[in-house]
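Hello,

Here is the structure I said I would pass on. My notes on what was found in it follow below.

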Amino acid sequence: MERIRTKWLVFFYTPFNPPWYTKWRKRGFTHVGAMTFNAEHKCWVMVEGLYGSLNVEILSKEESEKVLSYVKRLHGVVLKGDKNENPNFRGEWWVKEHSCVSYMQRLLGLRKFFIFTPYQLFCALRKMNFTIFVDARINMAKKPKPKPKPKPKGY
């Protein structure tokens, strides 16, 4: 397995019992968080915006694997990429100040205003060349192909 020491793993998922105010978000993209490996202390650091607060946790290798396993069980997606260094910070409106998306935007150096939902953040990160690290979505949000109709006998 490739060592990921300077990269961020950004995970998206929908929890088992999502809050009522997330019912308009795209399925599989209700929440977003991020993890990175700290080489100096040999541990993983997980950062999430939860209910208006910033949650930072130090994780062991086993705990980080459990987080990725949890995201996979919930049919989530994990992206891998570098932080964007952008010194031109414009500030934000209050509406974005306390969401998980705004916390991850600041963490990753993404300063675009019109990103409100985790799915919009996912699309913006893919445009920044973040690669898919884990993809446990069912059918990749595609409709299944219809089965061909059998030909009648006698032809």
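Rings of Phe, Tyr and Trp (its six-membered ring) count as a pair if their centres lie within 6.5 Å, and a pair with planes over 60 degrees apart is called edge-to-face. Please keep in mind that this is a predicted model. A search of the whole structure finds nine aromatic pairs.

One of these is formed by Phe-12 and Phe-122, which sit edge-to-face at 5.5 Å centre to centre, with 85° between the planes. This pair links distant parts of the chain, since Phe-12 is in strand β1 (residues 8–13) and Phe-122 is in helix α4 (residues 118–127), 110 residues apart. Both Phe-12 and Phe-122 are buried. Buried means under 20% relative accessible area. Phe-37 has 15% relative accessibility, so Phe-37 counts as buried. Trp-44 has 12% and therefore counts as buried too.

Phe-12 and Phe-122 also belong to one aromatic cluster with Phe-29 and Tyr-119. Over the face of Tyr-119 lies Lys-26, at 4.9 Å from the ring centre.

Next, strand β1. How many of the residues of β1 are buried? Six of the six are, so the strand is largely enclosed by the rest of the structure. Trp-8, Val-10 and Phe-12 point one way from β1, while Leu-9, Phe-11 and Tyr-13 point the other way. Two strands pair with β1. Strand β2 (residues 31–38) pairs with β1 in the antiparallel sense over six bridges, and Tyr-13 stands opposite His-31 in β2. Strand β5 (residues 77–81) is also antiparallel to β1, over five bridges, and here Phe-11 stands opposite Val-78.

Helix α3 (residues 100–108) is mostly covered, with seven of its nine residues buried. Among the buried ones are Cys-100, Tyr-103, Met-104 and Leu-108. Just after α3, Gly-109 takes a positive phi of about 80°.

These elements meet again in the largest nonpolar core, which has 22 residues. The members that touch the most others are Val-10, Phe-12, Val-32, Leu-79, Met-104, Leu-121 and Leu-125. Two or more residues each come from β1, β2, β3 (43–50), β5, α3 and α4. The largest share, five residues, comes from α3. Leaving aside its neighbours within four places in sequence, Leu-79 is in contact with residues that include Trp-8, Val-10, Phe-12, Phe-122, Leu-125 and Phe-133. Apart from this core lies another, of 14 residues, among them Met-46, Leu-68, Val-71 and Leu-74.

Last, the charged side chains. Side chains of opposite charge can pair when their charged atoms come close. The count of salt bridges comes to one. It joins the side chains of Asp-82 and Lys-7, at 3.2 Å from N to O. Asp-82 is in the loop between β5 and α2 (94–97), and Lys-7 is in the segment before β1, 75 residues apart. Are the two residues buried, exposed or in between? Asp-82 has a relative accessible area of 41%, so Asp-82 is partly exposed. Lys-7, with 24%, is therefore partly exposed as well.

Regards

Key:
Residues are numbered from 1 along each chain as its sequence is written. This is a predicted model: local features need pLDDT of at least 70, side-chain atom pairs count only at pLDDT 80 or more; totals for chains, interfaces and linings use all residues. Side-chain values use heavy atoms; hydrogens and water are left out. Rings of Phe, Tyr and Trp (its six-membered ring) pair if their centres lie within 6.5 Å; planes under 30 degrees apart count as stacked, over 60 as edge-to-face and the rest as tilted. Helices (H or I, at least four residues) and strands (E, at least two) are DSSP runs, numbered from the N terminus. Buried means under 20% relative accessible area, exposed over 50%, partly exposed in between (1.4 Å probe, protein chains only). A charge sits over a ring if NZ of Lys or CZ of Arg is within 6 Å of the ring centre and within 35 degrees of the ring normal. Two strands pair if DSSP finds at least two bridges between them. A salt bridge is a side-chain nitrogen of Lys or Arg within 4 Å of a carboxyl oxygen of Asp or Glu. A nonpolar core is a set of buried Ala, Val, Leu, Ile, Met, Phe, Trp, Tyr and Cys residues joined through side-chain atoms within 4.5 Å. Contact means heavy atoms within 4.5 Å.
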